[in-house]
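Please look over the sequence and the model below before turning to the briefing. The notes that follow are grouped by topic.

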Amino acid sequence: MNQMLQFSNVHMYYDHVYALKGVSLTVNEGETVALIGANGAGKSSILRAITGLNRIRQGEIHYLGERLDGTPADEIVRRGIAMVPEGRRVFPLMTVAENLALGAFTRTDKGEIAESLDRVMTRFPRLKERYNQAAGTMSGGEQQMLVIGRALMSRPKLLLLDEPSLGVAPKLVQDIARSIVAINRDEKVSVLLVEQNSRMALRISQRAYALSTGEVALSGDSADLIHDDRVKTLYLGGE
Ligand code: ATP
């Protein structure tokens, strides 16, 4: 399998808070990889390191064979990495259509952009129904579909998802989980998924890393981890 993204001994700080303490991990082409762990374990920090929102202090990040850390944020998007941040940050006063158009800011070919828009509409028919509606008036789950759709408009090779199930009604969590599987399988987009909902994350990923206070505590195939007693106790509520 070809390596797509690789962290080698990555350290990151927020002022004096030591958030990542030597993290090494890999996402291979075509994979969905989950990052699980408690609040504050460092999951979002890994995504912030990839997107260049925070500089790493030590270590290296490689993406498709090239150094990624130190690359400007817009160049990171151009290289095929799209981020869906936590908290469904739609532009509430703009329409669904306008929100989606913003996702294509790095692209110029109108025909290709229209093609991507068609795919997003097919993937999320709800967005088509609400196309001219202000994004802020949609439900939490619909807004989550919109931010995922917006990320897909940049035609990513690697999609980073930060807590897509957070604050979404349980019924819609299933829909979002299915969409992630379909995006990975049909559009050949690799996915790095941060989730508090560890059970869902382990079900839809091939491999996973469990983070604990800025370090990788456990890693392996998701199908094995879901039955691992330590994972059950620490991350699946002891079930
Ligand atoms: P959550 O699910 O709560 O977002 P997480 O696993 O994603 O948790 P991070 O957000 O990566 O955890 O946080 C890792 C550590 O860095 C925590 O101790 C957190 O308090 C700290 N931290 C995160 N963002 C900042 C910031 N902007 N300034 C200072 N400390 C921060």
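Ser 165 is buried, with a relative accessible area of 11%, where buried means under 20% relative accessible area, exposed over 50% and partly exposed in between, for a 1.4 Å probe and protein chains only. The model is predicted, so local features need pLDDT of at least 70 and side-chain atom pairs count only at pLDDT 80 or more, while totals for chains, interfaces and linings use all residues. Residues are numbered from 1 along each chain as its sequence is written, and side-chain values use heavy atoms, with hydrogens and water left out.

**Buried residues and their contacts**

- Ser 165 is found in the loop between strand S7 (158-162) and helix H7 (170-186), the elements being DSSP runs numbered from the N terminus, with helices (H or I) of at least four residues and strands (E) of at least two.
- Not counting residues up to four places away in sequence, Ser 165 touches Val 173, Glu 195, Asn 197 and Met 200, contact meaning heavy atoms within 4.5 Å.
- Leu 127, found in helix H5 (residues 125-129), counts as buried at 0% relative accessibility.
- Apart from neighbours within four places in sequence, the contacts of Leu 127 are Val 96, Val 120, Met 121, Met 138, Glu 142, Met 145 and Leu 146; for Met 138, which is 11 residues from Leu 127 along the chain, the C-alpha atoms of the two are separated by 9.7 Å.
- Ala 208 belongs to strand S9 (residues 207-212) and is buried, with a relative accessible area of 0%.
- When neighbours within four places in sequence are left aside, Ala 208 is in contact with Ala 34, Leu 202, Leu 218, Ser 219, Gly 220, Ser 222 and Leu 225, and from C-alpha to C-alpha it lies 9.6 Å from Leu 25, although Ala 208 and Leu 25 are 183 residues apart in sequence.

- Of the 8 residues of H1, 6 are buried, so the helix is largely enclosed by the rest of the structure; the buried ones are Lys 43, Ser 45, Ile 46, Leu 47, Ala 49 and Ile 50.
- Leu 64, in the loop between strand S4 (58-63) and strand S5 (66-67), has a phi near 45 degrees, a positive value in a residue other than glycine, and Leu 64 counts as partly exposed at 33% relative accessibility.
- Arg 155, in the loop between H6 and S7, is another residue other than glycine with a positive phi, near 55 degrees, and Arg 155 is partly exposed, with a relative accessible area of 49%.

**An aromatic pair and a charge over a ring**

- A search of the whole structure finds 1 aromatic pair, a pair being rings of Phe, Tyr and Trp (its six-membered ring) with centres within 6.5 Å, counted as stacked when the planes are under 30 degrees apart, as edge-to-face when over 60 and as tilted for the rest.
- The rings of Tyr 13 and Tyr 18 are stacked, because their centres are 4.5 Å apart and their planes at 5 degrees.
- Tyr 13 is partly exposed, with a relative accessible area of 27%, and Tyr 18 is partly exposed as well, with a relative accessible area of 32%.
- Arg 57 lies over the face of Tyr 13, at 3.9 Å from the ring centre, where the criterion is NZ of Lys or CZ of Arg within 6 Å of the ring centre and within 35 degrees of the ring normal.

**Pockets**

- The largest pocket has a volume of about 650 Å³; a pocket is an open set of points on a 1 Å grid over the protein atoms alone, with protein on both sides within 12 Å along at least five of seven lines, and lining residues have an atom within 4 Å of a point.
- Its lining is made up of 24 residues, of which Ala 82, Met 83, Val 84, Pro 85 and Arg 150 lie nearest the centre of the largest pocket.
- Helix H1 (43-50), helix H2 (73-78), strand S6 (81-84) and helix H6 (140-152) are the elements that give two or more residues to the lining of the largest pocket.
- The second largest pocket holds about 220 Å³ of space, a volume being the space filled by probe spheres set on the grid points, which are joined across faces, edges and corners.
- Among the residues that line the second largest pocket are Arg 107, Arg 155 and Glu 187, and helix H4 (residues 110-123) gives the most to this lining, with 5 residues.

Notes
On a 1 Å grid over the protein atoms alone, a cavity is a set of points where a 1.4 Å probe fits but cannot get out, and a pocket is an open set with protein on both sides within 12 Å along at least five of seven lines; lining residues have an atom within 4 Å of a point.
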